[in-house]
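Please keep the sequence and the three-dimensional view at hand while reading.

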Amino acid sequence: MNEHLSLERGEIYDAGHRLDDDLTVLDHLGGTRKVDIYLCRSKSLKMEVAVKILRREYCIHFKSLQAVIKEGELLARMNHPNVMHGYSFELEPAPRIVMDYVGGQDLKSAFFSGNYAAFPKSEGLSLVRQLAAGLEHVHSQGVLHLDVKPSNILYAEGQAVLIDFSVAREFTPEKLPRDNAGTRDWMAPEQTSRSVVGPYSDVFGLGVVMYQLLAGGELPYSTIEKTESSSSDDSSSSSSSSSSSSSSSSGDSSSGTGSSKKVPDYDTLPMHPSDIDGSVSREVGDIAMKAISPSIEDRFQTPAELGDALEGVL
């Protein structure tokens with residue numbers, strides 16, 4: 001089945017709808033193209049939970065179904081205050097994951113939607129330390145998140161929680177995967193080039209989030225248009241500001257004999273956060289710059305290393 005075919009939108013359940021004998025819908029929290037997320041009351045758990053449901057029209061799409069099943073399995077392993085925990089996964093009557101319900105907003109809405117000035121830098125750095133501890137737990141379970149970004153971080157009353165394991169991959173130190181999953185502006189160079197990824201790749205994503213928290217939401221790397229020939233391995237790049245192009249930020253566009261896509265310009269050194277905001281110390285900014293180094297060798301190798309560095313300056 002081609003997932004890009006026009007599909008009829010499945011119904012959105014109203015408050016009071018019974019998903020099964022255990023779960024009753026309280027509210028529709030939102031969702032994506034393929035899933036809906038509901039606030040529900042669980043009779044067995046005696047608490048409110050979040051339930052991610054694969055929309056009816058995608059239940060026959062094997063990759064979408066497989067992704068929800070896998071995410072449910074991975075979330076069940078998580079047991080950390082800064083990482084979403086999954087309680088159960090069910091296939092019938094609709095594929096769904098029962099998870100912790102965390103109120104508040106995602107980090108994108110809380111910090112980068114006109115509210116940035118309301119938060120002291122110390123609070124932002126505290127969130128980065130929390131997320132570093134959470135990611136260390138994720139990695140201890142043999143999982144790479146690979147999509148650390150503000151919209152995948154929930155924020156409520158000073159606590160950060162990492163969510164959405166839809167593109168996560170399992171790994172062992174002896175067998176690191178190759179993957180290009182993720183969201184462009186927070187992807188490490190090894191992700192965009194589909195090279196070997198590891199814990200250091202999640203460090204990069206968290207480093208970009210940290211940079212944004214220090215720099216008023218600014219991203220460290222602008223984007224360039226990378227053109228790849230369909231008949232050779234050679235590629236060429238031409239500079240293009242991320243705000244000046246009207247092409248899709250996540251898709252490739254084909255023209256003639258090659259295809260092009262936007263990628264971060266890792267060859268251009270980002271501005272130091274202290275040069276953007278004078279209230280940021282050079283020492284703290286240096287930590288962010290190390291976390292987002294394009295070179296794996298120059299980057300923090302684990303989230304714990306990033307957390308330890310922050311502990312030394314807070």
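Which residue in β5 is the bridge partner of Ser 88? The residue in question is Val 98. The model discussed here is a predicted one.

**A hairpin of two strands**

The pair Ser 88 and Val 98 belongs to an antiparallel arrangement in which strand β4, residues 86-90, is joined to strand β5, residues 96-100, by 4 bridges. Together β4 and β5 make a hairpin, with 5 residues lying between the two strands.

**A sheet and the helix on it**

A further group of strands is an open sheet of 3 strands, ordered β6-β8-β9 and paired in antiparallel fashion. Its edge strands are β6 (105-106) and β9 (159-162), each of which pairs on one side only. Between β6 and strand β8 (residues 153-156) there are 2 bridges, again in the antiparallel sense. Within this pairing, Gln 105 is found opposite Tyr 155 of β8. Helix α3, residues 121-140, packs on the sheet and touches both β8 and β9. The direction of α3 makes about 40 degrees with that of β9.

| Strand pair | Sense | Bridges |
|---|---|---|
| β4 (residues 86-90) and β5 (residues 96-100) | antiparallel | 4 bridges |
| β6 and β8 (residues 153-156) | antiparallel | 2 bridges |

**Two helices side by side**

Helix α3 also packs with helix α5, residues 199-214, at an angle of about 170 degrees and with the axes 10 Å apart. Because angles over 145 degrees count as roughly antiparallel, α3 is roughly antiparallel to α5. The residues that meet include Leu 125, Val 128, Leu 131 and Leu 135 from α3, and Leu 206, Met 210 and Leu 213 from α5. Sorted by class, the contact between α3 and α5 comprises 10 nonpolar, 2 polar and 2 charged residues.

Is His 139 buried or exposed? With a relative accessible area of 9%, His 139 is buried, because the cut-off for that class is under 20%. The side chain of His 139 makes a polar contact with the side chain of Asp 202, at 2.8 Å. Apart from neighbours within four places in sequence, the contacts of His 139 are Leu 144, Phe 171, Pro 199, Asp 202 and Pro 303.

Note on methods. Residues numbered from 1 in each chain as written. Predicted model: local features only at pLDDT ≥ 70, side-chain atom pairs only at ≥ 80, totals over all residues. Heavy atoms only, no water. Pairing = 2+ DSSP bridges. Contact = heavy atoms within 4.5 Å. Axes fitted to C-alpha atoms, helices over the stretch in contact; angles between N-to-C directions. Parallel < 35°, antiparallel > 145°, perpendicular 65-115°, else oblique. Nonpolar A, V, L, I, M, F, W, Y, C, P; charged D, E, K, R; others polar. Buried < 20%, exposed > 50% of the residue type's maximum accessible area, 1.4 Å probe, protein only. Polar contact = N/O pair within 3.5 Å; in protein donor to acceptor, adjacent residues only side chain to side chain.
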